[in-house]
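Subject: Two-chain model, handed over

Hi,

Here is the structure I promised. Please open it alongside this note, and my findings follow below.

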Amino acid sequence: MNLTIKVWRQDGPSDKGKMVDYKLTDISPDQSFLEMMDVLNNQIIEEGGEPIAFDHDCREGICGMCSMYINGEAHGPGRGVTTCQLHMRSFNDGDTIYVEPWRAKAFPVIKDLVVDRTSFDRIIASGGYVSVNTGAAQDANALPVNKDDADAAFDAATCIGCGACVATCKNSSAMLFVSAKVSQLSLLPQGKVEAHDRVLNMVKQMDEEGFGNCTNTGACEVECPKGISLENIARMNREFMFASLTNK
Amino acid sequence: MSLDSKIPEGPIAEKWTNHKNNIKLVNPANKRLIDVIVIGTGLAGGSAAASLAEMGYNVKAFCFQDSPRRAHSIAAQGGINAAKNYQNDGDSTYRLFYDTVKGGDYRSREANVYRLAEVSANIIDQCVAQGVPFAREYGGLLDNRSFGGVQVSRTFYAKGQTGQQLLLGAYSAMERQIGKGKIQMYDRHEMLDLVVVDGKARGIIARNLINGEIERHSAHAVLICSGGYGNVFFLSTNAMGSNATAAWKIHQKGAHFANPCYTQIHPTCIPVSGDYQSKLTLMSESLRNDGRIWVPKKKEDVEAIRSGKLRPREIKEEDRDYYLERRYPSFGNLVPRDVASRAAKERCDAGYGVNQTGEAVFLDFASAIMRYGREAANVQGIHNPDEKTIKKLGDEVIANKYGNLFQMYEKITDDNPYETPMKIYPAVHYTMGGVWVDYNLMTSIPGCYALGEANFSDHGANRLGASALMQGLADGYFVIPYTIGDYLADDIRTGTIPTDTPEFDAAEKAVQERINHFMNNKGSKPVDHFHKRLGKIMWEKCGMARNEKGLKEAIAEIQELRKEFWADVKVPGTANSFNQELEKAGRVADFLELGELMCLDALTRAESCGGHFREESQTDEGEAMRNDKDFTYVAAWEYTGEPSAAKLHKEELKYENIELKQRSYK
């Protein structure tokens with residue numbers, strides 16, 4: 001395949017940044033999108049340029065590090081995939097492909113396609129845990145959990161924290177991410193003890209980080225590589241309202 | 001330097017309890033005066049950092065990724081073992097201990113493995129309390145499944161994402177301490193050297209990967225939890241960033257490196273498809289419960305399949321060679337990983353590989369689909385179902401069990417495994433070797449510890465499935481919190497370690513010089529070029545089968561390649577900015593030394609054991625043959641300047657509770 005790749009290049013947080021064109025020839029349809037980027041980078045290095053910075057690590061769709069906005073979609077075309085799981089067979093010979101970073105106020109660009117997502121970590125640090133020290137646990141089977149609740153908690157827990165939901169949302173809202181953690185823990189008896197404080201603190205931190213609010217567009221659910229459901233946002237809103245009304 | 005494993009006295013079942021009762025403690029007020037550095041935030045590092053901070057130590061945690069949640073433990077699929085005996089099937093601490101020692105082909109330290117089995121049950125309790133959503137039965141209690149090489153169901157799991165859920169548990173415990181200020185988190189930071197003061201580990205030199213600043217960090221102890229070194233092979237199931245730099249740096253500063261040749265080649269991975277390939281993807285071992293592995297019996301069928309003239313399902317049953325079932329009738333497709341990998345290589349080397357490159361075998365679910373389909377039809381009361389109905393019902397059962405894996409396979413290969421057999425081939429997956437540690441997990445540098453895959457301690461020459469997660473969390477949650485106190489008890493009056501000392505100056509200078517070399521080197525080839533060549537040498541000559549001639553060649557070739565690398569590597573950009581090529585250059589420079597040491601270790605160990613197969617040491621039937629008389633030891637290598645000049649220290653392995661036997665899976 002022969003392709004034209006238009007990539008966002010930005011030297012640092014204060015640089016203005018611009019789209020730059022690259023030509024690639026002989027790309028195999030079996031290559032992954034990131035392997036195509038590797039080839040492009042080695043081509044740039046051999047021509048004496050600076051390679052395109054992008055985040056990636058596990059390359060099997062689970063670490064949540066890769067984060068490209070491809071042809072106007074978070075993680076590119078295809079549903080239920082991260083950028084690293086996207087293959088060139090999803091494109092056609094002669095295509096022009098646009099590659100941009102996640103864009104959100106709370107995800108400032110570090111360089112090129114690399115953004116700073118530590119705001120997500122700070123949200124988890126504000127309450128996304130069960131307060132149990134190592135060694136303080138009772139026997140694992142002492143606390144039976146209804147299977148439906150356990151399965152729903154698991155589905156929420158599969159969030160990989162990539163930030164596609166924020167990137168794709170017109171409000172740059174992090175509600176899907178935050179609600180996934182709130183839901184996982186509020187569905188389980190272990191997490192119920194601190195449920196009120198958790199939701200209040202996490203929402204507060206989310207707002208302080210500069211994420212927008214939810215207007216129920218549902219784009220986040222569509223672009224989420226792990227299929228995290230919008231139901232979680234509803235559950236978080238319910239938890240939040242309940243906690244706001246009852247907390248002293 | 002002598003090797004003292006510090007194994008406590010007494011019967012094996014009492015060693016750990018006695019040891020805990022007798023080692024020194026640090027009182028809560030004094031813990032606040034002590035700093036601990038943790039490198040890596042996977043299961044070992046994350047659990048250690050969280051636990052130590054909860055106890056009151058001041059922790060500084062480092063990871064090269066943008067968040068501690070990204071560490072590669074997250075990619076583990078299958079599960080975590082624990083001797084809970086919830087299934088009432090006769091499991092016990094002793095059985096888990098025995099299975100692990102046997103699975104490791106009798107090359108691990110008994111006392112460490114017993115302790116691992118002993119604390120395994122606590123791990124499950126801890127994780128459940130954190131809110132890890134393990135699979136449950138309808139009664140609300142935890143579910144278990146079975147894994148290769150054992151006869152009980154002791155594996156706890158969360159679908160195919162067990163590693164992710166366990167890591168998120170440890171990560172949330174860490175974030176809780178970060179929120180309290182007890183852990184200072186340094187993400188996008190890479191440790192580039194260890195600082196040793198008066199013979200003790202007292203800090204590190206790290207590079208801030210965003211702005212390139214070189215930073216000094218001091219502490220009373222340093223924990224290396226940086227994972228394994230499988231990426232020496234370039235192509236492996238490790239993450240792209242997984243590297244051995246922290247482990248190699250402490251080796252250069254005096255920590256012995258143990259059994260580097262023990263590499264686990266996992267039998268079920270998606271085969272290489274082209275030169276552009278950057279990594280290999282694992283398909284969980286659990287697939288071998290239902291998949292049958294085969295290649296065609298006839299060479300002409302192999303040709304027809306390769307050229308696309310025949311489809312695999314068109315080959316008649318009698319023309320298929322189910323070689324694992326043929327060679328190992330009692331274990332069949334469920335032989336341990338090392339045995340399954342070598343058998344695949346044997347068939348492919350003989351010319352029966354089923355893809356273009358000749359390096360793939362089939363993993364076929366057709367018979368399992370039909371078997372489950374018939375069962376489901378019976379359950380649903382469908383009498384005399386037609387083939388199509390059976391297939392549909394069978395597909396549903398398989399989708400419930402392995403759905404996410406089948407989907408992952410289809411995304412990568414564009415083949416539908418419900419309709420055509422998967423193609424698989426072995427790939428580098430895990431390294432049993434690592435930094436030598438004593439019973440307290442301390443390396444041969446006082447105050448420097450190694451945890452998880454980074455150390456060598458528990459898996460011998462071959463790791464069993466679902467045991468890596470167990471070891472990482474055991475080390476971090478339940479071993480280091482006790483053993484570190486024994487060392488730090490002497491440091492309560494030391495005070496903060498200053499960083500303006502000659503030792504920090506010298507370490508920083510060395511780091512800076514290496515970076516300057518890369519930036520000023522006007523070479524012609526990118527880092528990947530050298531990494532791929534190193535990987536090819538390692539895979540061909542220090543991979544699934546090794547021999548004396550090949551290993552000697554490999555050592556010479558790696559030395560040559562290393563020279564070429566330093567002279568001709570091209571690193572673009574600048575040192576004081578975000579520069580991923582510079583990061584890679586440093587990691588590959590270390591792989592180029594470690595690779596040579598792996599070959600030297602493999603050459604020295606002239607026996608076959610576990611993942612290490614020396615062609616000279618095999619039975620008439622081609623099975624691995626150990627040599628217990630000469631090689632029942634841990635090979636701990638001391639750095640002396642050049643990998644080839646490393647000095648060998650032997651820690652004799654004593655088996656007091658388990659009798660050494662030749663493994664047989666026939």
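Domain bounds here come from an automatic or database domain assignment. The model is a predicted one.

**Chain B domains**

For chain B, that assignment gives domain 1 (284-428) and domain 2 (502-631). Their C-alpha centres lie 35 Å apart. Each side of the contact is made of six residues: six from domain 1 of chain B and six from domain 2 of chain B. Which helix gives the largest share of the domain 1 side? Helix H10 (residues 337-352) of chain B does, with five residues. By class, that side of domain 1 of chain B has four charged residues, one polar and one nonpolar.

**Chain A domains**

Chain A is also divided, into domain 1 (3-111) and domain 2 (117-246). Here the C-alpha centres lie 29 Å apart. Domain 1 of chain A puts 18 residues into the contact, and domain 2 of chain A puts in 17 residues. On the domain 1 side, nine residues are nonpolar, six are polar and three are charged.

**Between the chains**

Now the interface. In chain A, 63 residues are in contact with 63 residues of chain B. Several elements of chain A give two or more residues to this side: helix H1 (33-46), strand S6 (109-111), helix H2 (118-125), helix H3 (147-157), helix H5 (175-187) and helix H6 (189-192). H1(A) gives the most, with seven residues. The chain A side has 28 nonpolar, 20 polar and 15 charged residues.

**A helix pair in chain A**

H5(A) also packs against helix H9 (residues 231-246) of chain A: their axes come within 8 Å and cross at roughly 70°. An angle of 65 to 115 degrees counts as roughly perpendicular. H5(A) and H9(A) are therefore roughly perpendicular to each other. Their crossing is left-handed. From H5(A), the contact includes A:Met175, A:Leu176, A:Val178 and A:Val182. From H9(A), the residues are A:Asn232, A:Ile233, A:Arg235, A:Met236 and A:Glu239. By class, the contact has seven nonpolar, four polar and two charged residues.

**The sheet in chain A**

Chain A holds an open sheet of five strands, in the order S2-S1-S5-S3-S4, and the pairing is mixed. Strand S2 (18-24) and strand S4 (73-74) of chain A are the edge strands, and each pairs on one side only. Strand S1 (residues 3-9) of chain A runs antiparallel to S2(A), and seven bridges join them. One of the pairs to look up is A:Arg9, whose bridge partner in S2(A) is A:Lys18.

**The sheet in chain B**

Chain B has an open sheet of five strands too, with the order S5-S2-S1-S9-S17 and parallel pairing. Strand S1 (residues 35-39) and strand S2 (residues 58-62) of chain B pair in the parallel sense over five bridges. Within that pairing, B:Val36 has B:Val59 of S2(B) as its bridge partner. Helix H13 (residues 468-488) of chain B packs on the sheet and touches strand S9 (221-224) and S17 of chain B. The direction of H13(B) makes about 150° with that of S9(B).

Best wishes

Terms used:
Residues numbered from 1 in each chain as written. Chains lettered and ligands numbered in written order. Predicted model: local features only at pLDDT ≥ 70, side-chain atom pairs only at ≥ 80, totals over all residues. Contact = placed C-beta atoms within 7 Å. Helix = DSSP H or I, 4+ residues; strand = E, 2+ residues; numbered from the N terminus. Nonpolar A, V, L, I, M, F, W, Y, C, P; charged D, E, K, R; others polar. Axes fitted to C-alpha atoms, helices over the stretch in contact; angles between N-to-C directions. Parallel < 35°, antiparallel > 145°, perpendicular 65-115°, else oblique. Left-handed = near helix turned anticlockwise from the far one by under 90°. Pairing = 2+ DSSP bridges.
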